[in-house]
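This report describes selected local features of one structure. The sequence and the model are shown below.

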Amino acid sequence: MSAITHALTAPRLRRGVVLPIFFVVAWIVVCRYELTNTRILVPPLAVWEAARALHESGELWDHLRASLVRDLLGLSLGALAGTAVGGLLALSRVADRLLSPSFHAAKQVALFAWIPLMSVWLGVGEQAKVAFIALSAFYPVVVNTYEGVRSVGVEHIEVARVLRFSRWQVLRKVVLPSAAPSLFAGFHQGLIYAWLGTLGAEYLLEPAPGIGSLMVDGRERFAMDVVLVGLIVSGLVGFGLNALATAAEERLLRWRVRGV
């Protein structure tokens, strides 16, 4: 908890709230003096009242819980598959030559362009959503795992061979510690992309409980206060996930700073 507390009280974070405060003040001024259509840009107080109503009814937490469960499931599948594929490409020259061209070609396809194909293969329900979230996390994990493993110094491998390490020992005691920063960077990026993928999947596929669906429902009813509640909650969740990942990375990689 100390690492998270430090991350949330750092001077960088305090400087980072200046712009949001400016936007909120500007938002209040614009709505107060009706400088825009307040049916589209509703006042902050209306958004607060909508958030309180959704909180009291429990609807907000039901949507948030569904999104987080969906996000973590897709992230887990994407990160596991990405680590395995990235490691395979980095450790096997044959696999690298055979699979890397196809992987890099597929990576150039815009992520949301896969949704029509997934909807045909998997339908528009929960399976398609989780698959899309997993795909969102998959690409950055593969790239960072590949780069991390390939960056391991040859001299380290040679020392391990002199010490007669088995392949498993080389992987566990040499490759993984050396590649750890890249592995964490890949997981961190995958975490961010998975949350974006969660919102996109909920927005574009079959309606079901979730923050994205809450915003869609608000749009259909022209309840812009509900849309803005969903937008703010999604931003806060993304910020929280990023802060947790940063704190975990700093804590787990402290041994590198200490030179252990």
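## The side chain of Lys 129

The side chain of Lys 129 reaches the backbone oxygen of Glu 206 at 2.6 Å. Lys 129 is found in helix H8, residues 126-150 (helices are DSSP runs of H or I, at least four residues, numbered from the N terminus). The model is predicted: local features need pLDDT of at least 70 and side-chain atom pairs pLDDT 80 or more, while totals for chains, interfaces and linings use all residues. Residues are numbered from 1 along each chain as its sequence is written, and side-chain values use heavy atoms, with hydrogens and water left out.

Lys 129 is buried without a salt bridge, and the nearest side chain of opposite charge, Glu 126, is 4.6 Å away. Buried means under 20% relative accessible area, with a 1.4 Å probe and protein chains only. A salt bridge requires a side-chain nitrogen of Lys or Arg within 4 Å of a carboxyl oxygen of Asp or Glu. Setting aside residues up to four places away in sequence, Lys 129 touches residues including Arg 70, Leu 205 and Pro 207 (contact means heavy atoms within 4.5 Å).

## Helix H6

Helix H6 covers residues 93-107. A kink of about 45° lies at Leu 99, shortly before the proline Pro 101; the bend is the angle between axes fitted to the seven residues ending there and the seven starting there.

The buried residues of H6 are Ala 95, Asp 96, Ser 100 and Phe 103. Their cover includes helix H5 (59-91) and H8.

## The end of helix H3

H3 is followed by Glu 34, whose phi is positive, near 50°.

Key:
Helix = DSSP H or I, 4+ residues; strand = E, 2+ residues; numbered from the N terminus. Buried < 20%, exposed > 50% of the residue type's maximum accessible area, 1.4 Å probe, protein only. Lys, Arg positive; Asp, Glu negative; His and termini not counted. Polar contact = N/O pair within 3.5 Å; in protein donor to acceptor, adjacent residues only side chain to side chain. Expected span 1.5 Å × (residues − 1).
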